[in-house]
Amino acid sequence: MQTDEVLSLLKDVAEQVINPRFRALADGEIHEKRPGDLVTDADREAEVLITAALVAAYPDAVVLGEETFAGDPALMDRYAVAEHAFTVDPVDGTKNFVHGSKDHAVMVSETVAGEAVRAWIWQPQHEVGYVAERGSGTWRHDADGTVRLTVPDRADAHLRGRTSRRAWIGQSLAGLEPMTLTWVSCGIDYPKLVEGEADYILYASAAPWDHVPGSLLLTEAGGLLGTTEGVAYSPRDTAPPGLVAAGSPTAYDHVCRALASSAHLP
């Protein structure tokens with residue numbers, strides 16, 4: 001599938017099964033995979049449609065969907081060694097979606113030999129898409145047209161940090177400003193970082209469907225995603241110790257040094 005065809009697929013699927021349920025979910029359409037871990041019929045139906053289209057186009061590829069993985073944990077092992085694979089997050093930010101927040105997204109990434117080569121994020125309520133291709137940059141698509149994005153380099157003591165872990169909110173890293181909460185959706189977080197609305201984001205966990213799309217968006221725009229131990233992120237690392245997404249390599253290094261010299265985060 002051509003790159004623009006995949007973005008169109010995400011738009012079409014959102015229009016078909018996600019948007020009609022936004023702020024209109026029935027009680028029977030909301031479920032728990034685990035206590036506090038929500039999934040909706042929109043998540044499940046969107047993943048089925050996206051996966052079917054990808055499998056039809058690439059029958060030999062492994063498609064790692066968040067909801068499929070919930071019922072087939074061995075899928076992660078197949079993804080980790082696949083020569084060609086896709087990740088699918090049908091509604092990233094499900095809690096936001098359930099609570100009526102516009103901050104949710106549909107995300108897909110493509111990997112070859114364990115490296116991210118294409119990534120797509122569609123924010124259906126904001127009507128904005130983000131696309132990245134290895135070696136070709138990161139692009140925003142909206143009603144005003146298509147714009148290539150680069151992240152400004154801000155490597156100083158006033159770096160603005162956010163975190164998805166609520167226990168870390170308000171914590172300062174070696175003199176950096178206290179961290180605030182992210183937008184609670186990687187499909188919103190990474191574009192916000194690329195657009196310069198934060199300088200770094202600290203994550204405690206890292207499922208591939210959450211972070212592979214954003215990793216390519218960020219690196220193609222000039223940023224960097226790596227572990228809290230200073231190692232570059234790999235889409236095949238399915239359980240890194242924690243991640244730092246930063247607007248530039250120098251900002252990443254600054255945050256990693258601050259982490260190393262800070263007291264243990266709660």
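The side chain of H211 reaches the backbone oxygen of S205 at 3.3 Å, a polar contact being a pair of N or O atoms within 3.5 Å in which, within protein, one atom must be able to donate a hydrogen and the other to accept it, and for which residues adjacent in sequence count only if both atoms are side-chain atoms. The model is predicted, and local features need pLDDT of at least 70, side-chain atom pairs count only at pLDDT 80 or more, and totals for chains, interfaces and linings use all residues. Residues are numbered from 1 along each chain as its sequence is written, and side-chain values use heavy atoms, with hydrogens and water left out.

H211 lies in helix α7, which comprises residues 208-220; helices are DSSP runs of H or I with at least four residues, strands are runs of E with at least two, and both are numbered from the N terminus. With a relative accessibility of 2%, H211 counts as buried (under 20% relative accessible area, with a 1.4 Å probe and protein chains only). When residues up to four places away in sequence are not counted, H211 touches C186, Y190, Y203, S205, A206, L225, Y233 and L243, contact meaning heavy atoms within 4.5 Å.

In the protein chain as a whole, eight helices and 14 strands are found. Of its 266 residues, 53% count as buried, and among contacts between residues at least 6 apart in sequence, 56% join residues at least 24 apart. The C-alpha trace of the protein chain spans about 50 × 40 × 40 Å along its principal axes.

Definitions and conventions:
Buried means under 20% relative accessible area, exposed over 50%, partly exposed in between (1.4 Å probe, protein chains only).
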